[in-house]
Amino acid sequence: MDSVLIVSNTHTTMEIISGMLSSGMFSRIVTAQNGAEGRRDLIDDEFDLIIIDTPLPDELGDDLSLYAAETSAAGIILIVRQEVLADIDTSVEDAGVFVLPKPVSPEFFYQAVKLLTASRRRVMKLESENLQLQKKISEIRLVDRAKCILIQYLNMTEVQAHRYIEKQSMDLRQSRVVTAQNILKTYES
């Protein structure tokens, strides 16, 4: 976690939030004073955490939080007045936006940031594992297609085709995927 975007219409709030975050968790803090500027920052850069202090001069801020949730993988904190908390919370909770009531104590804010960063790390780890599994599945499908080609064109059994791919991979010192791709190039062209 190294970058945070703070969107607030008051410099005082930006300074307070920046002060709470500058304890070493974040090395880069970007600020915006309205929703349009925040959207431009989201288009131009990637952030690990987005904090929106409502209301903003050009919008309330809930639409910006939904936009951020849709276009980035950042953790999002939306700080709202107590009287609109329930309405806004229900409108943004499905997007994964964490809503805090104003005024926020430094301890509560710090705990919210820690919770959000921990959950974001966990989600990123799961996404990484998911990508690895998808890659593995595509490799298995590719090898299976090559086996089917060998069965179809060379009348091998499934075991023989598997053994052939394994032996070719070892003999040529290449991965099974490269061997499968070579088989597919040879017989599908």
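Asp62 lies in helix H3 of this predicted model. Helix H3 spans residues 62-71 and lies on the chain's path from strand S3 to strand S4. Strand S4 (residues 75-80) has six of its six residues buried, and is therefore largely enclosed by the rest of the structure.

- Asp62 is buried but forms no salt bridge.
- The nearest side chain of opposite charge is that of Arg39, 7.8 Å away; a salt bridge would require a side-chain nitrogen of Lys or Arg within 4 Å of a carboxyl oxygen.
- Leaving aside residues up to four places away in sequence, Asp62 touches Leu78, Ile88, Ser91 and Val92.

**Burial of strand S4**
- In a regular strand, side chains alternate between the two faces of the sheet.
- Both faces of S4 are covered.
- Gly75, Ile77 and Ile79 are buried on one side, and Ile76, Leu78 and Val80 are buried on the other.

**Pairing of S4 with S3**
- Strand S3 (residues 49-53) runs parallel to S4 and is joined to S4 by five bridges.
- Ile76 of S4 is the bridge partner of Ile50.
- The β-α-β crossover that leads from S3 through helix H3 to S4 is right-handed.

**Pairing of S4 with S5**
- Strand S5 (residues 98-101) also runs parallel to S4, with four bridges between the two strands.
- Val80 has Pro101 of S5 as its bridge partner.
- From S4 the chain passes through helix H4 (residues 85-92) to S5, in a β-α-β crossover that is right-handed.

How values were computed: Residues are numbered from 1 along each chain as its sequence is written. This is a predicted model: local features need pLDDT of at least 70, side-chain atom pairs count only at pLDDT 80 or more; totals for chains, interfaces and linings use all residues. Side-chain values use heavy atoms; hydrogens and water are left out. Buried means under 20% relative accessible area, exposed over 50%, partly exposed in between (1.4 Å probe, protein chains only). Two strands pair if DSSP finds at least two bridges between them. A crossover is right-handed if, with the strands pointing away from the viewer, the path from the first strand over the helix to the second runs clockwise. Lys and Arg count as positive and Asp and Glu as negative; His and the chain ends are not counted. Contact means heavy atoms within 4.5 Å.
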